[in-house]
Amino acid sequence: MVPAVLLRTAVCVTGRFPALAGVDLAVAQGEVVVLEGPNGAGKTSVLRVCAGLLPLTGGEGTVLGCDLRRDVPALRGRVGMLGHAAALYDDLTVVENVRFAVRAAGADVARIDAALDRLELGGRVRRTPVGRLSAGQRRRVALALLVTRRPELWLLDEPHAGLDADARVVLGEIVSEVVAEGATVLLASHEPEESWPLADRVMSIVGGRVVEERAVASTRRPALPDQLRAVSGGAHVA
Amino acid sequence: MSPTEPAVAPWSPATTWVVRSLGIAAAAALAATIWLGLWVTPPDEVQHNLVRLVYVHPPIAWVALYLAFGVAAVSSVLWLWPRTRSRFWDRLAASAVEVGVVFTALTLITGSIWGRPTWGLWWTWDARLTSTALLLVLLLGYLAVRRVPGDPDSRARRSAVVALVAAVDVPIVHFSVDWWHTLHQGATVLNANLSPTIHGSMAWTLLLGFVAFTLLFAWMLAIRYRVELLSEHLEDSELDVALHERWAEGTGSLPGEPGTALAHSGGPA
Amino acid sequence: MWRDTVLVAGKDLRIEVRSRVVMHQVVPVAVLVLVLFAFALGPDRAPMIQAAPGLFWVAVLFASVLAVQRSFALEAPDGARDGLRLSGLDPAGIFLGKTAAVTVQMVILEVVLTAGVVVLYGSHIRSYPSIIVAGLAGTAGLAAAGTLYGALAAGLRVRETLLPFLFLPIAAPVLLAGTRAWQAALGIGAGNTGSAGDPWIRLLLVFAAVYLALGVVIYGPLQEAS
């Protein structure tokens, strides 16, 4: 089976600094892989390279069958990223932001309400300009955006950051759902692997390279809600 | 190692030989042009000795407007076109623009020097001078964009777009200024065509002038290209150092991260 | 591509309606430029009337730099530019959408400026169709070239000084042609009849067509520059 993401000795230089210094990474379709490592290790850069936002300076990479050196435009719309920043338009309301993104991706507009409900973005909040929302609410909006779009590849950068316990539970449910539908999830996190019962593998990134890779002891099962709740509620230490 | 020899030879000895002969040929042709232009050919009846600028100004203008700018524009298009994309075109475009700036400025200066005694003005707003002046500004814009820090690919993209836009704009400017003069009733259209009647030895010298400056351009282009190549090599070697340091991050001592098992890979692979 | 154009233009215009930056900041600056020119040229009306077409287009040119900068400042919030790149929108559509939004805003500004010229300088408009066509064509061309360069400069630290330096020389033909077209429409200049503006209007249309086409083709590759 063609891997969803394949990086071979990927080198990525931003300015003079080699953010990635030779990353070897393979993620199969439908997998959930966690990237862990200290600050500045290059986790965000890996995600951005996979999104096609950062060009490769050296090595090779293929994402969803598209060569990262030649074919990046073909990736557009198939990859969704939840980055550090919410990437929303402050002057537009929640609904307007989501509707714009959904229409841009050509996804079904009817799913918007369900997604917003799921993330507990109720009636009045929906009509509020995003600029007036709290950081946590903006994160939820960004997540709702992804949920509605349902991309093939999900790239999540510290997804737990800014989300309260309830939202983390919902995130877990969402991840298991989309993976069951065939999506691939690659996420970067500071937290220990117990936070991610859904993960298939964990990769440690240090100094721009993958230094270790291990399978998670618990194989992926449809997680029970209270099991998730117990985990997410307690695991918030970096 | 002698100070004139580069530590890294950027290209083959054959190429070095070609470039060197180009330089020698250019120098010889220029010398011949100067000699013929200043001493051998007769002064014009009307313009007297000022006419000698005809051996210099039109050739320089030709190099600036068509040769340098043309090379820059075509190289940029070839870079933008995915099938022919290669860093060669990007380097060539940048070199052509830099050399082009020099020639464009010289075109304006020689044109101005020629014009002052002839028309009594340092400057006229005729189509050719105006387009040339604008071209200079556009080329400087290209160089400004090139200075913006970033990775080589982004830099090449931005520069190529600037070159392309400029290539499209210069003809438009030329036409519009031309119309400006022909449609403007009542204005004396200054005939910027300073060309005197050319005959005999003057024609040969003019031709030699074109050849000489073309050779000069080719040589300067090659030299500038080599500088570009060398600076890339330098960046690559700096990158190697940076990569080594980055790898050391992985194997050196780190603030203890409980739960993160570090494999000691023992240095760069 | 057209669907994306409408989508992006709608988004940009909706943000403008909410935030009113162009209306409340750019338009007053442009009108202020007209007033300042009056200080420089006046108090006699004659030089003002003579110079009015040129001054109008100079004010439009500077305002268009501001409008384009604003258009790309919309995506300045952290990650918004990435979002646009990842969104799956056709880059040509993004280009046309942004250009269209800038054009709409600029047209509104020009209506205000035209009124300003008529009121402040005492100009008389002889031929409305010429003014309208010249204005639309010139504005579309400026918006297209500006959006193209705006994308190039977006996200760079030097963008505020780089954009005018790159864009204004390119815009020179529009200034030239627009001024001549306006001169014809206002009946200024020796022996200028209404139809004398026609070749200039054609030039404005060519300029607009060329830069719209160029933008559509080149915006995609340009966007890939991080």
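Biologist: What percentage of the 226 residues of chain C count as buried?
Modeller: First, this is a predicted model, where local features need pLDDT of at least 70, side-chain atom pairs count only at pLDDT 80 or more, and totals for chains, interfaces and linings use all residues. Residues are numbered from 1 along each chain as its sequence is written, while chains are lettered from A and ligands numbered from 1 in the order in which they are written. Buried means that 20 or more other C-beta atoms, placed from the backbone, lie within 10 Å of the residue's own. In chain C, the buried share is 56%.

Biologist: How many helices and strands does chain C have?
Modeller: Helices (H or I, at least four residues) and strands (E, at least two) are DSSP runs, numbered from the N terminus. Chain C reads α-α-α-α-α-α-α-α from that end. That comes to eight helices and zero strands.

Biologist: Why is chain C called as compact as a globular protein of that length?
Modeller: The globule rule is 2.2 Å times the number of residues to the power 0.38, and the radius of gyration is taken over C-alpha atoms. For 226 residues the rule gives 17 Å, and chain C is close to that, so it counts as that compact, with a radius of gyration of 18 Å.

Biologist: In chain C, what percentage of contacts between residues at least 6 apart in sequence join residues at least 24 apart?
Modeller: Two residues are in contact if their C-beta atoms, placed from the backbone, lie within 7 Å. Among those contacts in chain C, the share is 85%.

Technical notes: Buried ≥ 20, exposed ≤ 12 C-beta atoms within 10 Å, placed from the backbone.
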